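Me: I am new to this structure. Please show me how to read a few of its features.

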Amino acid sequence: MQIIKVEGGHTLSGEVYVEGAKNSVLKLMAATIMAPGVYRISRVPNISDVAVMSNVLRELGAQVDRIDHQLIIDTSNADGYSTPYELVKKMRASIAVLGPLLARHGKARVSMPGGCQIGERKLDLHFLSLEHLGTNFEFEHGVVKASAPNGLHAASIYLDFASVGATENIMMAAVVAKGTTIIDNAAREPEIVDLANFLNKMGAKITGAGSPVITIEGVSQESLHATDHETVGDRIEAGTFVVAGALCGDKVKVRGFKPEHLGLALQKIRQMGVSIEYLEDGVIVSKPEHLNAIDIQTLPYPGFPTDMQAQLMVMTSLAQGNSIITENVFENRFMFAGELIRMGANIRVDGHHAISQGVTKLSGAPVASTDLRGGAALVLAGLVADGTTMISGIEHINRGYEDFVGKLNQLGAKLSLVEQEAALDEE
Ligand code: UD1
C-alpha cells in the first residue's frame, strides 16, 4: 500500500493544467447508454472513478477504450440493465445509470450504493421524481428494481433540495418521456450544464440548464444518436491547486477551467488576502504576507462548493483570527478536521459548524485521508507544514485527482509515493 510523503516548506511556481471534471464525465459516460452508437469523449481524467464507471458500462455490454485522455465508448450492444453491487459499492455515482437505463430499456436493476464517509447520502429525491415520470420501484435485498411498464411520461417536479445527482437522473430519464418535463429548484452546477449540452447533441431538447428551472421536451428514444464531446474543466481540481498557490505559491498559474465556475470560492480566497489574477481559462495565484480569517458556508452552486470546504479549512487553520465554517450540504464532512488537528490546527467541530482559530504553523505528522477532498486537503497542509507529512489512504485521492503528486512536484513541491512499511520504518 502506497502513501504520499510530503516535505513541507517549498515555494511553488509555474503552471498546472487541470483535467476534465470528474463530476461531469461520470454522468456523460452514463448518458451514452441512452442511445446505441460510438461516442468519443475527450478530456477524460485518468482517475479511478472513471475506471469504475468504465467497468459499470462494460457490465452493461458496452465497449470502453481509452486513448490518452479520450474515451471511445461503443454502446451498440449495451443491452444489459443490471449493475452489480461489487461495482456500485466502489462509487456512489454509479446510480447515474438509473435514468439512462430507464430511458433506453424502460427498466433497470441497480444495487443500492449505501452510505459513505461523508454522510448517509439519501437517494429519495431520485426515486420520488422518477416515480412522477411513471417509474415503479421495488426494493429487495439491497437492489432497486425499476420499471416503467407504460413508458415514461412528463411531469412537473419540484426538488426539496437542489440535488446534483437527482437533477441529472431526472433530466436523463425525461429526455424520452412523453410531453414536457419541468424540474424546479434544479441543481445549477456547471457539470449539469455540460450534461445538458451533451444530451442536446444526442438529440434531446433541454433548455434552462444552469438556472433553477430546467425544461425537457420529450423526444423518441429512436431519434437519439451518439455524439462527440469535450468535458468541461474540473473547477474543484483547479480550486485545489489555487489553494496550494495561496498557501505557498509565487505566481502559480492554474489553467484549463473557467474562473467563473469557481466564483464564490475565488472571492473568499481573495478576501483572505490572496492575490488572484484572472485569465480567460484560469488564474494566477500568489501567497500573501498573512491570511485573514473568513466565514464560509457551503451551499449548492453558485454557493460555496462543499467540495472546496476541506481545502479552505487548511487555509483558515493558518489565518489570523477565528473562522467559522458551516457545512450545509453533507452531514458528516468534517472528519478530516481531526487529522488536521494532529498537525497542530486549532479547530473545534460542533455539529455542522467548525470553528478554526488560526495558528502560526502546522507541523508534519502521519495522517490518514478520510475522503477524496479531505485527503487532498491533507496534502495541501503538508506543503506548508514544518517537516514531513505522511498521508495514508491515498486511494481516496486517486478517485478524483490525476497524478496529484506529479502535478505538485512540477510546481516545485517535494512529494513522493512510498510503500507504507518503508515509510513507517523511517519514523
Ligand atoms: C455531487 C458530487 C459531489 C458534490 C455534491 C454536491 C458527483 C459524482 N458528486 O454528489 O462531489 O459534493 O454533488 O455538490 O457529481 N440528498 C437527499 N436525497 C437525494 C439526493 C441527495 O437527501 O435524493 C442529499 C444528500 O444526502 C446530500 C445532499 O442532498 O446531503 C447533496 O447531495 P447531491 O447534490 O445529490 O450530491 P451528489 O449528486 O451525491
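Reply: Start with two helices. α11 and α12 are roughly parallel to each other, because their angle falls under 35 degrees. Helices here are DSSP runs (H or I, at least four residues; strands are E, at least two), numbered from the N terminus. The model is predicted: local features need pLDDT of at least 70, side-chain atom pairs count only at pLDDT 80 or more, and totals for chains, interfaces and linings use all residues. Residues are numbered from 1 along each chain as its sequence is written, and side-chain values use heavy atoms, with hydrogens and water left out.

Me: How is a packed pair described?
Reply: Two packed helices are described by the angle between their axes and the distance between the axes. Here the axes of α11 (residues 335–342) and α12 (residues 372–384) come within 10 Å and cross at roughly 20°. Axes are lines fitted to C-alpha atoms, for helices over the stretch in contact; angles run from 0 to 180 degrees between N-to-C directions.

Me: Which residues of α11 and α12 make the contact?
Reply: Contact means heavy atoms within 4.5 Å. α11 supplies Phe-336, Glu-339 and Leu-340. α12 supplies Gly-374, Ala-377, Leu-378 and Ala-381.

Me: Where is Lys-251 found?
Reply: Lys-251 is in strand β15 (residues 249–255). Its phi is positive, about 60°, although Lys-251 is not a glycine. Lys-251 counts as exposed because its relative accessibility is 55%; buried means under 20%, exposed over 50%, partly exposed in between (1.4 Å probe, protein chains only).

Me: Which residues does a cis peptide bond join?
Reply: Tyr-301 and Pro-302, with omega about 10°. Pro-302 lies in the loop between β18 (296–297) and α10 (309–317).

Key. Angles under 35 degrees count as roughly parallel, over 145 as roughly antiparallel, 65 to 115 as roughly perpendicular and the rest as oblique.
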